[in-house]
Amino acid sequence: MLARTVSRSASALIFALLLLTALCTLQAAAQTAQQPPPAAVQPQQNGNFSAQEVIDAGNTFFGSASSGLATALQNAFAKHGLPNGYILGSEGSGAFIAGLTYGEGQLNTKNAGMHKVFWQGPSIGIDYGGDGSRVMMLVYNLPAVPDLFRRFGGVSGSAYVVAGFSMQVYTNRNIVLVPVRSGIGARLGVNAGYLKLTQRPTWNPF
C-alpha cells in the first residue's frame, strides 16, 4: 500500500514537472514571438549618418568619378538633412518616351545592419536613350527596414544636377529617397514615374 502511495506521488510529481516545463517553454516561445525581427529595428534610434560618413562612403564607392561628390551631397543635405540610411548599387535604364529602370544595391543603416535591395520602375516624359550607372541613394526618415519595400513616387521637377552628379527625389509618406548618380546621363528628362523597392529581384516594374 505504501509502495502504491509512493508510486502515485512520484507520478504526480513527474506530471507536475512536465507541465511546468511545458508552460515555461510556451512562455519563452511567446516572448520570442513578441520580439521584433532584426530587420524591424528602427535605424534612427542611434542617430543619422554624419555628413562626413556619407561623403567618405560615396568617395570610396564612386572612386575616380567622385570629383564634386561632396558638393553634390552637401546640396542634398541642405535640402533634406542627414539620412538615416543609404544604398550603394548600380542600375540600368532605357527609354523612348516611356522608360524602365532596374537596379540593385545594399542598404546600410546604423543599427539595423545591411540589407540587399532591388528596385524597378516605369517612367514617362521627354526622355530618350539609355544608360547604366552607379547609384548612391540617400534614405531619409526610415522608421524600420521593411518600410523601405514599397513604391516611391518621383517629385515632379525635382531632377537637378550639382557638380556633375544628377539627383532626383522620390517620396512615400514621410520617407524620402534621393538617388545620386555620377554624370548627367541620358535619363535626367524623366519627370514622372516611381521606384518600387523589393527584397528580391523581379522583372515586373509595376
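**View 1. Phe-61 and Phe-62 are both buried in this predicted model.** Here you can see the two rings form an aromatic pair with an edge-to-face arrangement, 5.2 Å from centre to centre and with 75 degrees between the planes. Look for Phe-165 too: ring pairs link Phe-61, Phe-62 and Phe-165 into a cluster.

**View 2. Phe-49 pairs with Tyr-86.** The ring centres of Phe-49 and Tyr-86 are 4.9 Å apart, and their planes meet at 65 degrees; over 60 counts as edge-to-face, so this pair is edge-to-face. Follow the chain and you will find Phe-49 in the loop between helix 1 (2-34) and helix 2, while Tyr-86 belongs to strand 1, 37 residues apart. Both Phe-49 and Tyr-86 are buried. In total, the structure holds four aromatic pairs.

**View 3. Glu-91 is a buried residue of strand 1.** Its relative accessibility is 9%, and buried means under 20%, so Glu-91 counts as buried.

**View 4. Leu-73 belongs to the largest nonpolar core.** This core has 24 residues, and Leu-73, Met-136, Leu-138, Met-167 and Val-178 touch the most other members. Helix 2 (51-62), helix 3 (69-80) and strand 1 (85-109) are among the elements that each supply at least two residues. Leaving aside residues up to four places away in sequence, Leu-73 touches Val-54, Ile-55, Met-136, Leu-138 and Val-180.

**View 5. Lys-79 meets Tyr-160.** The charged end of Lys-79 sits over the ring of Tyr-160, 5.3 Å from the ring's centre.

How values were computed
Residues numbered from 1 in each chain as written. Predicted model: local features only at pLDDT ≥ 70, side-chain atom pairs only at ≥ 80, totals over all residues. Heavy atoms only, no water. Core = buried A, V, L, I, M, F, W, Y, C linked by side-chain atoms within 4.5 Å. Buried < 20%, exposed > 50% of the residue type's maximum accessible area, 1.4 Å probe, protein only. Helix = DSSP H or I, 4+ residues; strand = E, 2+ residues; numbered from the N terminus. Contact = heavy atoms within 4.5 Å. Phe/Tyr/Trp six-rings, centres within 6.5 Å; stacked < 30°, edge-to-face > 60°. Lys NZ or Arg CZ within 6 Å of the ring centre and 35° of its normal.
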